[in-house]
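Please read it alongside the sequence and the model.

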Amino acid sequence: MNFWPGFYALQSAWFLFLLVPLVIFYFLKLKRPHQRVPSLALWSQVINDRRVNSPFQRFKRSILLLLQILLLLFLVLALMQPYMQSGAERAEYLPILIDCSASMAATDSESGKTRLDLAKERVTDLIDNMLPDQQFSLIAVSSTARRLTAFTDNQRVLKKALADLTVDDVPSQLEDALRMTQALSRTAPIKTVLFYSDGNFPREVNFDLPFDLNFQLLPAAGGNMGITSLNARKNQSGNWDVFIRIENSKQADSPAEVELIQDGNSVAREEIVLGSGDSQRLEFSIAADKESRLEAILTPRSPDSLAADNHAFLTIPQSRQLLVYIDPELASYRYALSDNPELILYPQEKSSTAPLEYDLIIGTSEKDLNRSALVKVGVGFVPEDLTKLISLESNLTDVVDWNRSSSLLRHVELADVQISQQPVWAENANVEDLESLGYEVLIHGRLGPLLLQKRDAGELEYYYLFNTDRSTMPYRVGFPIMVSNLIQLTLQEAGISETQAAATPILPPLELQPDTQYEILTPAGNELRAESDQNGWISGVAALHTGQYTVNGAGAKNIKISVSLLNPLETSLVSEDEIQFSEVPVTATQTQVDSDKPLWGEFAFIAFLLLLGEWWYFQKRPAGTMS
């Protein structure tokens, strides 16, 4: 801190020349009139005044003039806008990034303030100490970046935007805020950026800093316990197994109660105790033959810093059978699935009717796969967009290697499988060409790939480039396992056998009427508007707060969707004290920003006190005067 003050408006010192007319007016005050009196005994004070009428003696007892001179001096000093210099470089354009992710709502047991409250206090001090040539821009950092204000020196606007800032129940994404700041630097010279956060974000950020980043690390919060995972799976008996994971951040031996509520009724309750950094997975079994809503409630018995992760929501879907189409030529698949009670097999011999959409299609041509389905399996042909890369020859081949971690091939043994059709790479074609088109190779043959996987517009596609019925695969134990895996995959894609809780910051996709406007009521009481696409899907709707969202519109009346936090990083309240950027790391500091302190207010206040003193001295009754 430099104790020698600086002056922002030094040119206002010219007002000191007002001292000259002040002194001149003092000498030019009105003279007393001459009056003959019989005696001077009662006029001794007047005689004394006459003795000091000379210019140099009139100052001897003029307290009033001294007060006026001091008043003028302090007013001019206030006009010169003095400030106490901090010694740090002053930024004329200063973006201030404020983390408002879920962990910023964490409190400590001593003050009871949230991390966001502490950040607001520090930013408020900066706003109060703004100099006339400074402009701030406030940017909120959560799952996306929001610019709260443009560059402005209006303290009222800045403080209002800061007061309206609230915590979002989402993880933070610093990279978006830095890119927004980089865009602002094209319109204003930005040298330094302030970032206030509790450090609860990924350590590595893929961004090249074009400016200096001052990372202000806020004090850590207290201990916390929360729900980090909630999902359910249908078991063989037709009931649902519900899995809940609870994690504890810092406090050792933290007791809590976990309660599971189904459609408003409590169906399970369990007491747990977790040590520091421990986690526990709870399992409950419930019956649900129709759509059912679950809520998991965590009630910590010890101080808990964050409330957003103490509730989680899950919807159990309506049970139904899968709609499966299998080409009649694929006898092995139809035989393996003919007695499965979880599905309805098409085409049917006794009925010519067929649904418009299927859950699973297994076909031998592109025409079969042109039907709408969640999962599609092509058998014995090369997709049209790959005909220039792969050709099919009638030669014997076998499996060289396969992806054992694939959901389709889990527990499937493919060694010694003989295949009568051989896919062959075209000249100069390779795996990278397939990956550029969105394909992944799951089974490798000797001269080319045998099985491909692709995710296309929400549909999961598999392509056996050889006819499985013209191989020894149907006669191996691995074939029924592979078909069973395929059914489980389809059940998961349809959300029938397995489901997991929706989490912030995005609502799960909704299928409604095409090209239609819908209103979405958030848990905070705000209204959002979203329009479905030509296929009837609404996606990408922001869900910044945990709780229930209600959708209304054509074909949708009070559709309820609940989202939860379910983020282990936010629950852990881990605090990173360093951010690793592409080139250099930025280390955090807990020392508050040392800014220049304006002093004009203090000088103006002293001038006001001098004005009051002058008024009192001028109005007081002279000694010896009768009332």
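In the class counts below, Ala, Val, Leu, Ile, Met, Phe, Trp, Tyr, Cys and Pro are nonpolar, Asp, Glu, Lys and Arg are charged, and the others, Gly among them, are polar. The model is predicted, so local features need pLDDT of at least 70 and side-chain atom pairs count only at pLDDT 80 or more, while totals for chains, interfaces and linings use all residues. Residues are numbered from 1 along each chain as its sequence is written, and side-chain values use heavy atoms, with hydrogens and water left out.

**Cavities**
- Two cavities of 30 Å³ or more are found in the whole structure; a cavity is a set of points on a 1 Å grid over the protein atoms alone where a 1.4 Å probe fits but cannot get out, and lining residues have an atom within 4 Å of a point.
- Volumes are the space filled by probe spheres set on the points, which are joined across faces, edges and corners.
- The largest cavity has a volume of about 70 Å³, and its lining has four nonpolar, two polar and three charged residues.
- The second largest cavity, of about 40 Å³, is lined by seven nonpolar, no polar and no charged residues.

**Helix H10**
- Gly495 follows H10 and has a positive phi, near 70°.

Conventions:
Helix = DSSP H or I, 4+ residues; strand = E, 2+ residues; numbered from the N terminus. 1 Å grid on protein atoms, 1.4 Å probe; cavity = no way out; pocket = protein on both sides within 12 Å on 5 of 7 lines; lining within 4 Å.
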